[in-house]
Amino acid sequence: MRQRLRDLADRHRRFGHPRLHILLRREGFRANHKKTHRIYCEEKLQVRKRKPKRITAVMRLPMTVPTKINMRWSMDFLHDQLSNGRRIRVLNVIDDYSRQRLASIVDTSISSVRPGIGPTDHMAWTTTRHCL
């Protein structure tokens, strides 16, 4: 039984002693799980730990610095809680070149289907005209 347990453990490296016990019983060995566990430990058999996959490091390109207005915008969500316990959320859209706030939308819940947040609505956001 000891030799067969060693052979099964070598062939099925990801099986622990409970699964190997089931395989031994299917082959006709009659021993309880405690004896199988004792032999498993005496033979120093154990499930091999998997080595973690190495994630290849990808060189990230540096973010380009904007050189004119409306070249790049940043969005930021802020949240706070009022004195009565209600939570509010603020969506801020900022032009990275001029550091001007293009929009601030304040509400208790901001969803993506809300009018005024779509990509074609950005012209209504600007409050001042920019001189180039």
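In this predicted model, helix α1 (residues 2–11) packs against helix α2 (residues 17–26) at an angle of about 120°, their axes lying 10 Å apart. Here axes are lines fitted to C-alpha atoms over the stretch in contact, and angles run from 0 to 180 degrees between N-to-C directions. The two helices, α1 and α2, are therefore oblique to each other, a term for angles that are not under 35 degrees (roughly parallel), over 145 (roughly antiparallel) or 65 to 115 (roughly perpendicular). The contact (heavy atoms within 4.5 Å) involves R4, L5, L8 and A9 on α1, and L20, L23 and L24 on α2. By type, the residues of this contact divide into six nonpolar, no polar and one charged; Ala and Leu count as nonpolar, and Arg as charged.

Stepping back to the whole chain, there are three helices and three strands, and from the N terminus they follow the order α-α-α-β-β-β. Helices (H or I, at least four residues) and strands (E, at least two) are DSSP runs.

What share of the 132 residues counts as buried? The figure is 21%, with buried meaning under 20% relative accessible area (1.4 Å probe, protein chains only). The chain exposes about 11,200 Å², and carbon and sulfur atoms supply 55% of it; such areas come from the Shrake-Rupley method with a 1.4 Å probe. Among contacts between residues at least 6 apart in sequence, 35% join residues at least 24 apart.

Residues are numbered from 1 along each chain as its sequence is written, and side-chain values use heavy atoms, leaving out hydrogens and water. Local features need pLDDT of at least 70 and side-chain atom pairs count only at pLDDT 80 or more, while totals for chains, interfaces and linings use all residues.

Technical notes: Buried < 20%, exposed > 50% of the residue type's maximum accessible area, 1.4 Å probe, protein only.
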